[in-house]
Amino acid sequence: MGWTRRAVGAAGFGLAASAAVSARAAADPLSGAALYADVKAYAALGEHRTGTAGDQACTAWLERALKREGYAVERQGFDYPVFDLEAATVTVDGASVPAFPLWTPAAGQASARITAEPARGAIAVLRFPFGTGHALEVSQAWRKPVEAAIAAGASGVVAVTENPLGELVAFNCAPKQPAWPVPVVAVAARSAALLATGSEGRISIAGAMRQGRAENLVARRPGTGKPLIVSTPKSGWFECAGERGSGIAIWLGLARRLAATDRNLVFMAASGHEFDGYGGHLFAEHLAPGPAEARGWVHIGANVASYDFALADGRITRLDHPQVSRLAAASEALLPVARKAFAGQLKYEAPIDIDKERAPGEIAEYQRRGYAPLFSLVGSHVLHHTRRDLPDVTSPAMLEPVARGLAAVVEAI
């Protein structure tokens, strides 16, 4: 109930925040101020896990915004199991640390001695390097060790998620996996010292599973020529201000800007992203114009406009430049315009040619289906999949040049 109240209340805040900048956005929807207001509104809706109240509030917020711009809006719904998490903790010798389930969880507890290697009846502690569980379709990298620990008889599993800033990291998961038979949780790397081998520990997960409903949002505006598809995910593990919010804000800014043109447009925001891009696959399969009918596809991925962060005197500190692990990816035909549009923007100024190199993220799925030309932005980040991914990971000054570069590419397609 607490999660629902939070999301409903935040939805009102998000609406108010959007309304406060509506006049400014109408004048220049790609201004840094307008974009950052949408990042804050998105994050204020709460946690965005697929099918949760925060995800549903986001759908409603985007729907209102796009209808105001004259788009015909459709919701592509799909059933998805939702675990309403109340609390997750690991306790050792009376000291408790926050935890987060690795999907798919079930409510329950496990009390046993802690072991560094899986053992029957024990709580197994596994360590995973930074980057585990960030990308799509890679969940076997962490699921196999967890499955092996459970097969060895572990009564519970604690995953220590390595992160340069010490934060707890959530892991993406393949869609609709069965619930673990024992409690399986992640903890922050800074908590690892507590998990001393031989200590008595307890894992506790409180919550309940229900059959939920999630929705992709599809907005269309008929116009001249074949439709151009512009997509971005809208769901994620936590507030996701940089991971998802920066992309959502730019996506929405582009939709507002292009509404004043005669372009034929399809804008899609997908749920199910943290489950191997489940909603995006459904859209491509059932509602997207076919490759022969589409003018092209532009995809806005994760962390597209975020600062880099580091530890300084033990504190998480924002640096004055973008994260370096970001990239632009383009079909060969779009490389000249992309280089010009993003000139001077770190990493984006040298887009990779996805006709010759492996395409990153979801754009690979759309390339596999035959869409062309294609363009995508995507990045990794030290706060990716963490609770610390809050609005200060970006800013008006960070967002605006990325949005204007992307607008120049879109206008050239």
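The legends below describe close-up views of a predicted model.

**View 1. Helix α6 and its burial.**
Helix α6 covers residues 241-258. At 1.5 Å a residue, its 18 residues should span 26 Å, and the end C-alpha atoms lie 24 Å apart, which agrees. The helix is mostly covered, with 17 of its 18 residues buried.

**View 2. The edge-to-face pair of Trp237 and Phe275.**
A search of the whole structure finds 19 aromatic pairs. In the pair shown here, the ring centres of Trp237 and Phe275 are 5.6 Å apart and the planes stand at 75°, so the arrangement is edge-to-face; planes over 60 degrees apart are counted in that class. The two residues come from distant parts of the chain, 38 residues apart. Trp237 belongs to the loop between β9 (224-233) and α6, while Phe275 belongs to the loop between β10 (263-270) and α7 (278-286). Trp237 has a relative accessibility of 1% and therefore counts as buried. Phe275, at 4%, also counts as buried.

**View 3. The edge-to-face pair of Phe283 and Trp297.**
The ring centres of Phe283 and Trp297 lie 5.8 Å apart with the planes at 75°, so this pair is edge-to-face. Phe283 is in helix α7 and Trp297 is in strand β11 (residues 296-300), so the contact ties together parts 14 residues apart in sequence. Phe283 has 0% relative accessibility and counts as buried. Trp297 counts as buried at 0% as well.

**View 4. An aromatic cluster.**
One aromatic cluster is formed by Phe78, Tyr80, Phe83, Phe100, Trp103, Trp237, Phe238, Phe275 and Tyr278.

**View 5. Arginine over tyrosine.**
The charged end of Arg318 sits over the ring of Tyr307, at 3.9 Å from the ring centre. In another such contact, the charged end of Arg326 is placed over the ring of Tyr348, again 3.9 Å from the centre.

The structure has a count of 22 salt bridges. One of them joins Glu74 to Arg220, with the closest N and O atoms 2.8 Å apart. Glu74 lies in strand β1 (residues 72-92) and Arg220 in strand β8 (residues 200-221), so numbered that 146 residues separate them. Glu74 is partly exposed, with a relative accessible area of 32%, and Arg220 is partly exposed at 27%. Arg213 and Asp79 form a salt bridge with a closest N to O distance of 3.0 Å. This pair also links distant parts of the chain, with Arg213 in strand β8 and Asp79 in strand β1, 134 residues apart. Arg213 counts as partly exposed at 41% relative accessibility, and Asp79 does so at 43%.

The side chains of Arg404 and Glu400 meet in a salt bridge, 2.9 Å from N to O. Because the two residues are four apart in helix α10 (residues 396-412), about one helical turn separates them. Arg404 has a relative accessibility of 31% and counts as partly exposed. Glu400 is partly exposed too, with a relative accessible area of 26%.

**View 6. A salt-bridge network.**
Salt bridges link Glu63, Lys67, Arg75 and Glu215 in a network.

Terms used: Residues numbered from 1 in each chain as written. Predicted model: local features only at pLDDT ≥ 70, side-chain atom pairs only at ≥ 80, totals over all residues. Heavy atoms only, no water. Expected span 1.5 Å × (residues − 1). Buried < 20%, exposed > 50% of the residue type's maximum accessible area, 1.4 Å probe, protein only. Phe/Tyr/Trp six-rings, centres within 6.5 Å; stacked < 30°, edge-to-face > 60°. Lys NZ or Arg CZ within 6 Å of the ring centre and 35° of its normal. Salt bridge = Lys/Arg side-chain N within 4 Å of Asp/Glu carboxyl O.
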